[in-house]
Every structure is written in structure tokens, then in C-alpha cells.
Amino acid sequence: MATERTAGLSLIYRLELKNSSHIFGLVAHHIGEGDGDIIGVDVVTVSKDVVIRDVNVNVFDREHGNRIRERLDAEDGIKVINVSDRTYLMHLGGKIEMRSKIAVRNRDELSRVYTPHVADICRTIAEDPKQAFKLTIKKNTVAVVSDGTAVLGLGDIGPYGAMPVMEGKAMLFKQFANVDAFPICLDTKDTEEIIAHVKAIAPAFGGINLEDISSPRCFEIEARLKQELDIPVFHDDQHGTAVVLLAGLMNACKLVDKTLDSLKIVVVGIGAAGIAITKMLTLAGVKNIVGVDRAGIISRHESYENPMWQWYSENTNPENVKGSLDDAITGADVFIGVSGPGVLKVEHLQKMAKDPIVFAMANPNPEIDPEVAAPYVRVMATGRSDYPNQINNLLCFPGIFKGALDCRASDINEEMKLAASYAIASVVNEEELSEQYIIPSVFNKKVVEAVRLAVIEAAYETGVARRRYRNYKDVK
Ligand SMILES: NC(=O)C1=CN([C@@H]2O[C@H](COP(=O)(O)OP(=O)(O)OC[C@H]3O[C@@H](n4cnc5c(N)ncnc54)[C@H](O)[C@@H]3O)[C@@H](O)[C@H]2O)C=CC1
Ligand SMILES: CC(=O)C(=O)O
Ligand SMILES: [Mg+2]
């Protein structure tokens, strides 16, 4: 299969150019010869002698960007004033803001939205806390909570470093599902403190999306919060990832004409995502999963301090294979990576069974470069936005929370997750299905609604929906 790269580092070169007819041709020549991709040009100012232009160029990395800068600077009549990074500019001042739904135009309105008349609303809710779902933002609001310990594949970069990702998740909740979400980065790694803080803020929220909290603490934090709160608590890196992965795998299986129960699957990175993926695949009927982490294959030859790894050793690896990825990958139909960059080599791909399926999902850099893997695999997917087949929890979390909030679910359970997987897979129909398109784009408008409806139906069927409706399709 072939892969196509659609975006890279995006730089804006602010150029002072001699005002002559052929000068922009020279700019384009140097950028093109330097292997840069011009994606936009703006005029900033024009005077008799000089034109200032912003030229937006996609480059591979900073070094590549510097080489283009040097080429431009060396040309007579072209001066690079500065180079800015579009991504950096998009983050200036943060990515989200709070807006009011109603305007306060006079004292009368002020006295209603605020004191004294708001007191009536407060009393109503104090007497019957369920009214918070009707009379506050709780109905449609999610907290995106992180402690910054497993941010993408960047590891423990702390709560400040985590903020741009959590703001991004909040932004995507709003854009894709019209759910209001707040980024909350906690300055503690203590399990009990995190549980206590989340419980303390829960009154304002209809759901809690835990994000980028490292394993194994994430398992206890989620399990306890699920038990102790009456709103859905969902660790996105576990379940969002697992839901989308299963959707992609079901569709990839159709292409290679294999069934889930016949697959040998190797999962690398037995952390939050790897464990949830394994559980979800098992629930969906996969029988042969071998897990590999830094110390090698997880098997019954060892016992593990990490209780999740002990569980893993007892519930996977039916042939009790030991060794390294090299041993695990022999004859495998599917590789799933939720670990880090560079883990998977071409030599591994050459040992896989016919029609290899590779989901290299580490962010921001996958386990193998898709261009390197392309000649050896039948289906390739990554977690990134700039390659085809993006297996990313973004396909799940907006719709699954929207569904759970709309039917006021007390939980997001296994049935709701499975329903979400089938819904995502179903958005790609048989005519559309191909090696380059096993999973719908995150921009496909059908995804959120398909997931929302499937999740609401599963919530009613399993008795966790708390709003009463004759027909679940009416739940808005
Ligand atoms: N595409 C997607 O939607 C998602 C991708 N991810 C990515 O998956 C990765 C893991 O995320 P989490 O499970 O949340 O983190 P985690 O910290 O809970 O688990 C990561 C696990 O991978 C293992 N690992 C790291 N490097 C390894 C290597 N070279 N070889 C073998 N094992 C290795 C670690 O020991 C750990 O057990 C990250 O890169 C993250 O960005 C996570 C969630 C969603
Ligand atoms: C996508 C995501 O949630 C992660 O890489 O952590
Ligand atoms: Mg994450």
C-alpha cells in the first residue's frame, strides 16, 4: 500500500522583498528547490521599493526550515525578517474561551441571572440536586482531567505541559459534539488526592473524561471514581482508544478476509491504552493476544508486581510465548502499538503472517514511520492527523459523551463502548472500504451522530439511562 503525507511543520516566513516583478518567482524557486511546500501567501505592506510578504510553507522539521531560510537570505533582494511557527501562533493566549448564552443588558436582567432572583434557583437545586441537570451547565458539561503524567507519548511532563492537550480535547468536544468541556490539570500525582479533587468538582459536571494519567494509577483512579460518582467517568486513553481501534480492526478484517477469532495480535505498550485495547478485543471475540512491554513478552513464566500485568499474564498469551517482540511477532496477523516511536522494524514486518495489519498508534510519533512500513504491510494506520487511517480516540469521545449526557447515563459501560465501536465501523460502507480507508475521518459528520444514537440505545437497554423517553431517538 502507499501512504500519503498531508501536513508537516508549518512555518510562516515574513520576507522583505525588493519591489520588482520577478522577485516572488525567486522566492518560489528557492522554497521549491529547497523541498518546501508553499501553502499560502499574504501581502503585509507594499511601498514603492519594498513589499513585505508572509509566505506559509510546510517543511519536514526545523532543520529543513532553517535550510530554506538560509537559501532565501542568500538571494539578493530577499531578506527574511522572521520565521514563526503556525502551531505556536495558534496557541497564543490558549485555544478556548467561556461564553455566556444570554446577555445581561440591564439591572432587571442582572437581578435575575445573579442576586437576588438567582437565589430561588439555588434553593430549588439545594432541595432537589437532580435539578442541577436542568438548571445549570451540568447537563452538557464534561471535565477533562489530567495530572500530566502520560501526555501523548511525551511521558510525565506535568500539569502545565499537559494544558495544551487538555484545551485541545475541550475544543474538540465543543466542535464535534457541542459538548462544553473544561481542561483541569491537577498539580498532584497522588491517587487519593486526584480522586478527592475530582469528586469535589463533580457537582458542576455531567461527566468526567480522564486523560493522559499514567498506568497503573489510572486504573484505580477510574475504578474508584466510577464507583463513587453517579456520572460517567471514562478514561479516554483506555476506552476511547480501544473503541476506535476495534472499529478499525473490524473493517481491516473485512479487507483481508480474516475473522477476529482467528487473529494472532501483538500489542506493544501494556499501559493504559494497551490493557483497555486487550480487554475490548477479548470482549469482541479475539482469542490470541500477546502483550509486549519494555521488559519483553508478558507471560506466565513470570509474576508481576503491577496487578494489571499479572492479570494480563493470566488472561492473554494462550501459547505462553516468552522473549521479545522479535519472538512475539512471528506469524502475527496484527501489530498494535501504543508504546513509543521506533519500536517496530522492517525485520519484524517481514516475520508477520500474510496481509499484515499494522496500527502504530503512539503519538506524536508512531512505532514505525508509515512510509518505511508501506511496502511490507497491507493495512497501515496511525494515531496522527496527517496520514490516512487515523485511529484516534477523537473518533469516540465526543459522540460517546454526547450520547451519555443526552440520556443522562450514570455510567459508560461495556455495552455502550461496543455499540460505539460498531457505529464507527458502520460509517465506512463496503463500497468505500479500502486499505487507505478503514476508518472514517474525524471530520466525517456522520460519526458523532452514529455513536451518540448507538450509545443512547445501549444505555437504555442496559438500564443506565436516567431520562425517560418513549423512543430513544427523541433524546436530544
Ligand atoms: N492513537 C490514539 O488514539 C492514542 C494513542 N496513545 C498513545 O499510546 C502511547 C501510550 O499511551 P498510554 O497507554 O496512555 O501510556 P502509558 O504510560 O499508560 O503506557 C505506555 C506503556 O508503553 C510502554 N512502552 C513505552 N515505550 C516502550 C517501548 N519502547 N517498548 C515497549 N513498551 C514500551 C511503557 O512501559 C508503558 O507500559 C502514547 O504514545 C500515546 O500517545 C494513547 C491513547 C490514544
Ligand atoms: C490521542 C491521545 O489521547 C493520546 O495520544 O494520548
Ligand atoms: Mg490521551
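Two strands count as paired if DSSP finds at least two bridges between them. That comes up in this predicted model, where local features need pLDDT of at least 70, side-chain atom pairs count only at pLDDT 80 or more, and totals for chains, interfaces and linings use all residues. Residues are numbered from 1 along each chain as its sequence is written, ligands are numbered from 1 in the order written, and side-chain values use heavy atoms, leaving out hydrogens and water.

**The sheet**

- Strand β2 is joined by eight bridges to β3 (residues 50–59), and the two run antiparallel; strands here are DSSP runs of E, at least two residues, and helices runs of H or I, at least four, numbered from the N terminus.
- Within that pairing, Val46 has Val51 in β3 as its bridge partner.
- Zooming out, the open sheet has four strands, ordered β2-β3-β1-β4, with antiparallel pairing.
- At its edges sit β2 (37–46) and β4 (78–85), each pairing on one side only.
- From one strand to the next, the twist averages 20°.
- Helix α2 (residues 62–73) packs on the sheet and touches β1 (9–18), β3 and β4, with contact meaning heavy atoms within 4.5 Å.
- The direction of α2 makes about 160° with that of β4; axes are lines fitted to C-alpha atoms, for helices over the stretch in contact, and angles run from 0 to 180 degrees between N-to-C directions.
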